[in-house]
Amino acid sequence: MKKEDVFARYSRQIFVEEIGLEGQKKIQAAKVLMIGAGGLGSPVIQYLAAAGVGTLGVADFDEVELHNLNRQVIHNEHTVGIPKTKSAARFVENLNHQVKYIGIEEKINEANVEEILDPYDIVIDGSDNFSTRYLVNDTCVKLKKTLVYGSIYGFSGQIALFNHNGSRDLRDLFPEPPFDEDIPDCDRLGVLGALPGIIGSMMAMQTLKIIADLPVILNQLTLVDTLNWRFQTVDF
């Protein structure tokens with residue numbers, strides 16, 4: 001992309017004093033992995049691709065289903081039944097063909113997690129089970145990767161940054177995972193589509209701030225209660 005085209009496309013974020021041309025160059029050089037192309041992954045993928053993140057990996061092994069469409073806004077009726085990574089690829093290509101998109105149609109497990117995470121600067125976790133969350137967290141610690149964490153259920157969401165420049169990680173907050181069957185999820189509790197949009201957008205914002213070397217608050221969990229419209233933070 002020519003310099004003038006870069007400026008024309010990204011001028012509104014280049015105009016932000018804290019970003020500027022240097023910040024945009026950092027964004028275009030960044031390599032980010034999104035785990036999950038569902039409710040949280042959709043706004044993250046959307047806004048990182050729009051911002052011009054250079055390399056965007058997306059790991060997901062599910063196919064698009066009709067009930068996904070109330071919240072997973074990068075998918076549509078025409079992509080129901082195809083892998084989410086391929087549906088996400090179509091979305092990214094239509095939005096910003098300059099982004100290098102890498103689809104990883106695999107279930108993350110102990111055998112492949114290091115290979116999948118290793119090429120990326122930042123890992124974003126939008127998975128829907130605790131076994132994956134803890135595996136990803138522990139691998140980020142081992143590989144010294146920054147982890148952007150988010151979760152949702154009902155009207156509530158959480159977001160935190162883990163293992164950023166030596167900060168604390170998921171096990172410092174919750175040392176052991178609960179049993180997945182004890183935790184409410186979207187399938188059993190339901191979710192309004194705007195909630196993952198809110199939390200996912202916050203995750204994307206934190207990711208872009210990290211890429212641009214802007215200040216971020218560490219060792220803090222943000223709790224979002226959209227039913228009562230309350231936002232709280234918990235230091236850990």
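**Exercise 1. Find the salt-bridge partner of Glu22 and classify both residues.**

Step 1. Glu22 pairs with Lys25, the closest N and O atoms being 3.5 Å apart. A salt bridge is a side-chain nitrogen of Lys or Arg within 4 Å of a carboxyl oxygen of Asp or Glu. The model is predicted: local features need pLDDT of at least 70, side-chain atom pairs count only at pLDDT 80 or more, and totals for chains, interfaces and linings use all residues. Residues are numbered from 1 along each chain as its sequence is written, and side-chain values use heavy atoms, with hydrogens and water left out.

Step 2. Both residues lie in helix α2 (residues 20-29), three residues apart, about one turn. Helices (H or I, at least four residues) and strands (E, at least two) are DSSP runs, numbered from the N terminus.

Step 3. Glu22 has 52% relative accessibility and counts as exposed. Lys25, at 51%, is exposed too. The cut-offs: buried is under 20% relative accessible area, exposed over 50%, partly exposed in between (1.4 Å probe, protein chains only).

**Exercise 2. Are Asp125 and Arg133 buried or exposed?**

Step 1. Their side chains meet in a salt bridge (3.5 Å, N to O).

Step 2. Asp125 is buried, at 0% relative accessibility. Arg133 is buried, at 5%.

**Exercise 3. Trace the salt bridges around Arg171.**

Step 1. Arg171 bridges to Asp138, the closest N and O atoms being 2.8 Å apart.

Step 2. Arg171 sits in α7 (residues 170-173) and Asp138 in α6 (residues 130-143), so the pair ties together parts 33 residues apart in sequence.

Step 3. Bridges with shared partners join Asp138, Arg171 and Glu176 into one network.
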